[in-house]
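Here is a short briefing on one protein chain. Please have the sequence and the 3D view open as you read.

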Amino acid sequence: MPEDFKVTPWEVTGDIDYDLLMRQFGTSPIDEALLERLSGYGPLHPMLRRGIFYTHRDMAWLLNEYDKGNSFTLYTGRGPSGNTHLGHLMPWIFNKWVQDTFGCDMLFQMTDDEKFLFKDLSLEETGRMAYENALDFVALGFDPKKTKIIVDTKNVRRMYPIALEVAKRTTFSTAKAVFGFDNSTNIGSIFYTTMQSVPAFLPSADAGRQVPVLIPCGIDQDPHFRVTRDAAPHLGYPKPSLIFCKMFPGLNGGDKMSSSDENATIYTTDTPKAVKKKVGRAFTGGRVSVEEQRQLGGNPEVCAVFKYNFYLFEKDDAKLNELADKCRKGEILCGECKMCLTERINVFLEGHQDRREKAKDVVGDMTYDGFEW
Ligand code: SF4
């Protein structure tokens, strides 16, 4: 089957075939039975109802352990290479729902070492971005008593022995096969994946017992966690369970919002004016003229404005369906639709920016092992 897309932890391009990706990675679909089971713990998050989180590894085992009283720790993270955008927030918002629903502890890993090794950035820059990105994470309202932030270069003393255990059991040939490294890859990059394994094992190492871990993240991160899961039994830890989401789309109609196209990316620090400008230029499924659109209708399936409502900004399924319907019938025009989305994003960002300021007072208390920022 021809593939015109690429999904790796460092590069996502083309029109992603998510079902094909699931088969290639060997993950399981989130089917009706699993959704039904999850709905027993609380109302399903729209990202589950809409199939944005669509595939997983070992969720049934994780829930069985939870039902037996062996609660899990959540683990997700961020590679701090620039300002936070809506695409980063999306899986964190889902993590917050999991924490609220299951009352679990959470580890949030800032992989400043990764971004230093893979990008043209200094450690100072990645360290500064780790702090800035952490403010966005904290602003989402995670329970400060149950949530700890790891920064790899700050917590390395605790992490290194576990990373070494993983490294000893991971061959160069595996790293090449999983990540596509070659002779020009710097050796830090080859080692790095072991650091991303550590938070999957830390809860067990810290507690001295087998603590299940759930990692909600983008499907692009699966290669790292295949290495983690392979190493787990050798280290005597449970394999982490995973639940994966699709990529948050760009305003330009692309399958992934990316910082490489700033005009198609909404940052958490954007002004209302900047948001208006960016949404105004968004790719839509509209027609070339008002007359044509009234007559033939638009296409919400390909429309970035509709996708933003689908992914984040319209939580009510009935209203979302109504919007799609009106669009197809030509009863709403793109200008009106863009104005409505702009308003929604700006209302969200106003609250977020306020909470982000307040996060500065608590982010110091949420560091793993109490490091100083
Ligand atoms: Fe997209 Fe709205 Fe235009 Fe339909 S009317 S194509 S949903 S912007």
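Which residue caps the N-terminal end of α1? D17 does: one of its side-chain oxygens lies 3.2 Å from the backbone nitrogen of D19.

This is a predicted model, where local features need pLDDT of at least 70, side-chain atom pairs count only at pLDDT 80 or more, and totals for chains, interfaces and linings use all residues. Residues are numbered from 1 along each chain as its sequence is written, and side-chain values use heavy atoms, with hydrogens and water left out.

Helices (H or I, at least four residues) and strands (E, at least two) are DSSP runs, numbered from the N terminus.

**The sheet**
- Seven strands make an open sheet of mixed pairing, in the order β3-β4-β9-β8-β5-β6-β7. Two strands pair if DSSP finds at least two bridges between them.
- β3 and β7 are the edge strands, and each pairs on one side only.
- β5 (residues 73–78) pairs with β8 (residues 213–218) in the parallel sense, over two bridges. Here T73 stands opposite V213 in β8.
- β6 (residues 105–110) and β7 run parallel and are joined by five bridges. Across this pair, F108 faces I149 in β7.
- β7 (residues 147–151) is mostly covered, with four of its five residues buried. Buried means under 20% relative accessible area, exposed over 50%, and partly exposed in between (1.4 Å probe, protein chains only).

**Helix α1**
- α1 spans residues 18–25, and its buried residues are Y18, L20, L21, M22 and F25.
- Their cover includes β1 (6–7), β3 (28–29), β4 (53–57) and α11. Contact means heavy atoms within 4.5 Å.
- Just after α1, G26 takes a positive phi of about 75°.

- R229 sits in helix α11 (residues 222–235).
- Is R229 buried or exposed? R229 counts as buried because its relative accessibility is 12%.
- Its side chain reaches the backbone oxygen of P240 at 2.8 Å. A polar contact is a pair of N or O atoms within 3.5 Å; within protein, one must be able to donate a hydrogen and the other to accept it, and residues adjacent in sequence count only if both atoms are side-chain atoms.
- Leaving aside neighbours within four places in sequence, R229 is in contact with R57, D58, K239, P240 and L242.

**Two aspartates with positive phi**
- D58 is not a glycine, yet has a positive phi of about 60°. D58 is placed in the loop between β4 and α4 (59–67).
- With a relative accessible area of 34%, D58 is partly exposed.
- D369 is not a glycine either, and has a positive phi of about 65°. D369 is found in the segment after α16 (334–359).
- D369 counts as exposed, at 60% relative accessibility.

**The α14 and α15 pair**
- The axes of α14 (residues 304–313) and α15 (residues 317–328) come within 10 Å and cross at roughly 170°. That makes α14 roughly antiparallel to α15.
- Axes are lines fitted to C-alpha atoms, for helices over the stretch in contact, and angles run from 0 to 180 degrees between N-to-C directions. Angles under 35 degrees count as roughly parallel, over 145 as roughly antiparallel, 65 to 115 as roughly perpendicular and the rest as oblique.
- F306, N309 and F310 in α14 meet L320, L323 and A324 in α15.
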